[in-house]
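Biologist: Could you walk me through this one before I set anything up? I'd like to go through a few spots and then the overall picture.

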Amino acid sequence: MIQALRSKAKNTTASEYGGRVVDSFDSVFVLTAAFLLFFGLIMVTSASMEVVSEKFGDPLFHFYRQGAFLVAGIIGFLITLKIPTRFWQEFGWVLLVLAFLLLVAVLVPGIGREVNGSNRWIGFGSINLQASEIAKIFVLIYLAGYLVRRQTEVRSQWSGFLKPMVVLALMIVLLLAEPDFGAVVVLMGASLGMIFLAGVRLQQFIILLSGCLSAMAIMAVSQSYRMQRLVTFTDPWADQFGSGYQLTQSLIAFGRGDLFGMGLGNSVQKLFYLPEAHTDFVFAVIAEEFGVVGAVFTVGLYLLLTLRSLEIGKSANAVGLQFQAYLAYGLGLMLGGQALINIGVNIGLLPTKGLTLPLLSYGGSSLLAVCFVVGLLLPIAFKLSCYDAYHNNIYLVRCD
């Protein structure tokens with residue numbers, strides 16, 4: 001029966017079986033990511049021209065650098081496409097070790113480089129690599145493999161999900177030493193989402209979630225600068241020229257943008273008013289230049305990108321590709337969570353935190369990491385379309 005179906009599949013499309021088809025080339029996902037990448041190049045240039053012209057004498061300084069990182073990211077994406085997903089599953093523990101080494105390296109004098117009071121970067125000449133961007137992905141790859149290997153234990157015993165929590169706790173200690181509280185929140189959110197979707201008992205998950213939220217709340221108030229951000233967040237206008245300056249300038253940008261915006265390149269806030277306009281607050285510049293319509297459209301693209309990632313994971317799980325499913329879940333939650341936090345900070349719904357907007361913000365590490373993520377997700381979608389299965393009304397043609 002199976003041999004007959006395989007033979008017939010050579011000359012027959014999956015849709016002829018009346019089953020659900022997962023497209024081998026997820027055009028929606030690819031086009032959305034590509035649009036955000038090139039739109040980001042435009043917006044980084046627009047948001048930084050006046051500042052870098054004054055600082056470096058070249059209004060296109062960031063355009064050239066971001067363009068170079070974009071080319072490197074595309075090359076990395078193409079290389080990642082060629083690597084089978086079983087490689088990541090088999091060597092997940094190696095990647096976990098590399099993640100720890102990267103986070104330790106940034107704390108070593110002479111290797112780590114301090115920027116704006118944080119030791120998050122490893123310096124390579126004029127280029128800085130933010131270790132946490134890559135480390136987060138490596139940890140999620142390892143966790144996806146662990147959830148497959150220990151699936152029964154995860155679903156039935158406390159030890160099943162406490163073991164990865166020990167690994168994550170060690171990772172969090174290193175991230176807080178930099179400090180990088182934003183990376184902690186994103187990593188924990190994606191990891192907890194993966195564990196929940198792996199089928200952990202609800203009672204155990206609620207206890208674990210409560211513990212994690214309590215720990216993050218303690219960490220948030222344990223440092224004076226974090227506490228100041230929380231106080232400022234509640235009423236930024238009370239100290240609009242001090243601790244609330246960045247948020248108030250961002251909100252002014254949204255007000256100027258109105259419904260349809262002031263037009264590309266016409267932002268006023270980027271003219272030395274809004275700090276980090278091309279990195280953490282590029283979304284505010286988008287809102288000022290393209291208005292509410294442009295801002296909502298951008299949010300919609302991130303929502304679509306996240307949902308497509310989760311759909312890839314759901315489809316992989318439906319045909320028994322559990323490692324691929326958990327990995328897609330984790331990467332999708334990471335992308336969506338980081339975008340949510342950045343946008344929430346820009347509009348004043350969350351306390352100010354230094355997190356880039358994936359695919360859009362200036363920064364080589366972030367750009368390379370997200371291209372790596374896209375390169376990891378697409379082979380999963382391709383593998384789905386090539387997976388030989390005839391189960392629960394799903395038939396997907398085999399491709400070797």
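Biologist: Let's start with Glu114: does Glu114 count as buried or exposed?
Modeller: Bearing in mind that this is a predicted model, Glu114 has a relative accessibility of 55% and therefore counts as exposed, the cut-off being over 50%.

Biologist: And where does Glu114 lie?
Modeller: Glu114 is part of strand 1, which covers residues 112-115, and its C-alpha atom is separated by 9.1 Å from that of Glu178, a residue 64 positions away along the chain.

Biologist: What does Gln204 touch, leaving out residues up to four places away in sequence?
Modeller: With those neighbours left out, Gln204 is in contact with Val154, Gln157, Trp158 and Phe161.

Biologist: Okay, helices now. How do helix 6 and helix 9 cross?
Modeller: The axis of helix 6 (residues 131-149) comes within 11 Å of the axis of helix 9 (residues 181-197), and the two cross at roughly 15°. Because that angle is under 35 degrees, the two helices count as roughly parallel to each other, and the crossing of helix 6 past helix 9 is right-handed.

Biologist: Which residues make that contact?
Modeller: Helix 6 contributes Ser132, Lys136, Val139, Leu140, Leu143, Ala144 and Leu147, while helix 9 contributes Ala183, Val186, Leu187, Ala190, Ser191, Met194 and Ile195. Sorted by class, the contact between helix 6 and helix 9 consists of eleven nonpolar residues, two polar ones and one charged one.

Biologist: What about the largest nonpolar core, how many residues does it have?
Modeller: The largest nonpolar core has 108 residues, and those with the most contacts inside it are Ile137, Ile141, Leu147, Met171 and Leu331. As general background, nonpolar side chains tend to be buried together in soluble globular proteins.

Biologist: Pick Leu331 then; what does Leu331 touch?
Modeller: Setting aside residues up to four places away in sequence, Leu331 touches Ile137, Leu140, Val373, Leu376 and Leu377.

How values were computed. Residues are numbered from 1 along each chain as its sequence is written. This is a predicted model: local features need pLDDT of at least 70, side-chain atom pairs count only at pLDDT 80 or more; totals for chains, interfaces and linings use all residues. Side-chain values use heavy atoms; hydrogens and water are left out. Axes are lines fitted to C-alpha atoms, for helices over the stretch in contact, and angles run from 0 to 180 degrees between N-to-C directions. Helices (H or I, at least four residues) and strands (E, at least two) are DSSP runs, numbered from the N terminus. Angles under 35 degrees count as roughly parallel, over 145 as roughly antiparallel, 65 to 115 as roughly perpendicular and the rest as oblique. A crossing is left-handed if the near helix is turned anticlockwise from the far one by less than a right angle, and right-handed if clockwise. Contact means heavy atoms within 4.5 Å. Ala, Val, Leu, Ile, Met, Phe, Trp, Tyr, Cys and Pro count as nonpolar, Asp, Glu, Lys and Arg as charged, and the others, Gly among them, as polar. A nonpolar core is a set of buried Ala, Val, Leu, Ile, Met, Phe, Trp, Tyr and Cys residues joined through side-chain atoms within 4.5 Å. Buried means under 20% relative accessible area, exposed over 50%, partly exposed in between (1.4 Å probe, protein chains only).
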